[in-house]
Amino acid sequence: MTTATPHAHGVHFGRTDIQNIGIGVGILMALVGLLGFIPGITMQYGNLQFFGPNSHAMLLGAFQVSLLLNIVQLLIGGTGWAMSRTGGHGARNFLMSFGALYIVLSVYGLSVGVDSAANFLSLNALDGWTFMVLGILMIAAGWMFSRHLADDAK
């Protein structure tokens, strides 16, 4: 007779792998939102506007940001951190739903164009493609790491 250790199904530090991933993604998104408010890390900080295509501030000199986008990133990060602490199902729901949101924002941002008045979040092409990759990775992680949630609950 063998006894499974807590690590057998990905339980570390009292949390499942999916919770750790969700918390990590939440912290990363909150950090990105916070960095968007820091001059020097955000280049052309004087051009930072609340929303719209005329916000020409660039996080790390590459990602176009606005105050609204920074706030959205902070809210997504905080939501992810909180949902992932509630349990594996909360982490899975965060990764899957907000991963889908990032894909929708990506498609929207890439389709309206950088200079369009409809670009209310101030997304450039790099933002769009980064959101696409991030959304796909979040959904994949949510799916792959939630397969053993029923086993972990026992």
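Helices (H or I, at least four residues) and strands (E, at least two) are DSSP runs, numbered from the N terminus. The structure is a predicted model, in which local features need pLDDT of at least 70 and side-chain atom pairs count only at pLDDT 80 or more, while totals for chains, interfaces and linings use all residues. Residues are numbered from 1 along each chain as its sequence is written, and side-chain values use heavy atoms, with hydrogens and water left out.

Two residues other than glycine adopt a positive phi. For Leu60 the value is about 55 degrees; this residue is found in the loop that joins strand S4 (57–59) to strand S5 (63–65). Leu60 has a relative accessible area of 57% and is therefore exposed (over 50%; buried means under 20% and partly exposed in between, with a 1.4 Å probe and protein chains only). Ser122, with a phi of about 65 degrees, lies in the loop between H3 and helix H4 (125–144). Its relative accessibility is 0%, so Ser122 counts as buried.

Helix H1 (residues 17–35) packs against helix H3 (residues 88–112) at an angle of about 45 degrees, with the axes 8 Å apart. Axes are lines fitted to C-alpha atoms, for helices over the stretch in contact, and angles run from 0 to 180 degrees between N-to-C directions. The contact (heavy atoms within 4.5 Å) brings Ile18, Gln19, Ile21, Gly22, Val25, Gly26 and Met29 of H1 to Gly88, Ala91, Arg92, Phe94, Leu95 and Tyr102 of H3. The residues of this contact comprise 8 nonpolar, 4 polar and 1 charged, where Ala, Val, Leu, Ile, Met, Phe, Trp, Tyr, Cys and Pro count as nonpolar, Asp, Glu, Lys and Arg as charged, and the others, Gly among them, as polar.
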